[in-house]
Amino acid sequence: MSGTPVRLKPRSSWTPSQIVLTLTGVAVSAVFMAPIVAALLTSLKSEAEAAEIPPHWLPGVWTGQAWSSLWETGNVTNWFLNSLVVSVCVTAVVLVVSALAGYGFARTEFRGKNALLGLVMTGLMVSPAVLGVPLFTTVQQMGMVDTYWGMILPQCAPAAMVYILYKFFQGIPRELEEAAFIDGAGRWRVFFTIVVPLARPSLAAVGIFTFIASWNNFLWPYMVTNNPDLMTMPNGIATVMNSYGIQWAQLMAGGLMAGLPLIVVFVFFQRQIVAGVAHTGLAGQ
């Protein structure tokens, strides 16, 4: 049985714009990857070689001494668990608070709503470092210094996350909720059965952003605790010093250890991050 020969469509050549965009993407990626590669190579040097000036990229002698020394001298497991506990608790509280507040501002009318929303939005204009002293005084008066709650609760004032979910909830058609109200559903049932499922992309993005910010937070845990057993990863890595100064190879190894969970989170949840930003309406702002 004879058949009509299939003509393969020749592959179109790249246009100049595609070439420029590809080269630009490669260059930007190289700029962002260079510090990570430098940290990895430095962590595979001896301490003496890592402190050499001028520095050189490749180790003269490849060694994993910095990694093993960090595990032996530092309480890495405890630092990791403390960071995990604090970040997960902060993320859970922020998701609940920002979802309820964002939906309340988007769908309910009450006296002073605009003034209260404006007050919440002023949190976007205040640096967390400025609030460090009054927050510490408040936490101290409440007896929460050197406790998990002292590290967790002050990080749960999510003005930016409230705004993200507020913008998303404004975009949900009111007809969906009105149809549920006609069927006899209450406000809470509508929120949990209709609004929350629709908001999954934005909630995922808010959760991921909050987890990353809490995991990387150095200043507040450093201020609120002096207990070595409560140190988080950033605080623990900052103690990688001895009488001769900073141990650069161990410091780079610790930095990579601290950043590895965040890289894993981004790799596995990058679609949710992009989808969440797109659904909030912030992509074009």
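This is a predicted model: local features need pLDDT of at least 70, side-chain atom pairs count only at pLDDT 80 or more; totals for chains, interfaces and linings use all residues.
Residues are numbered from 1 along each chain as its sequence is written, and side-chain values use heavy atoms, with hydrogens and water left out.

Now for the partners of Glu-177. A salt bridge here is a side-chain nitrogen of Lys or Arg within 4 Å of a carboxyl oxygen of Asp or Glu. Glu-177 makes one with Arg-107, and the closest N and O atoms are 2.5 Å apart. That pair ties together distant parts of the chain, with Arg-107 in helix 4 (residues 76-107) and Glu-177 in helix 9, 70 residues apart. Helices (H or I, at least four residues) and strands (E, at least two) are DSSP runs, numbered from the N terminus. Both Arg-107 and Glu-177 are buried.

Glu-177 also meets Arg-187 in a salt bridge, at 3.7 Å from N to O. Here too the pair links distant parts of the chain, since Glu-177 sits in helix 9 and Arg-187 in helix 10 (residues 187-198), ten residues apart. Arg-187 counts as partly exposed because its relative accessibility is 35%. Put together, Arg-107, Glu-177 and Arg-187 form a network of salt bridges.

The count of salt bridges comes to three. Another of them joins the side chains of Lys-113 and Glu-109, at 3.3 Å from N to O. Lys-113 is buried because its relative accessibility is 11%, whereas Glu-109, with a relative accessible area of 67%, is exposed.

Arg-174 is also part of helix 9 (residues 174-182). With 42% relative accessibility, Arg-174 counts as partly exposed. Leaving aside residues up to four places away in sequence, Arg-174 touches Ala-106 and Arg-107, a contact being heavy atoms within 4.5 Å.

What about a charged residue with no salt bridge? Lys-45 is in the loop between helix 1 (16-43) and helix 2 (47-50). Lys-45 is buried yet has no salt bridge, and Glu-49, the nearest side chain of opposite charge, is 5.4 Å away. Not counting residues up to four places away in sequence, Lys-45 touches several residues, among them His-56, Trp-57, Leu-58 and Ala-249.Zooming out to the whole chain, the secondary structure comes to 14 helices and two strands. The radius of gyration is 25 Å, while a compact globule of 285 residues would have one near 19 Å; this value is taken over C-alpha atoms, and the globule rule is 2.2 Å times the number of residues to the power 0.38. The C-alpha trace spans about 85 × 75 × 35 Å along its principal axes. Buried residues make up 34% of the 285 residues. Of the contacts between residues at least 6 apart in sequence, 73% join residues at least 24 apart.

Conventions
Buried means under 20% relative accessible area, exposed over 50%, partly exposed in between (1.4 Å probe, protein chains only). Lys and Arg count as positive and Asp and Glu as negative; His and the chain ends are not counted.
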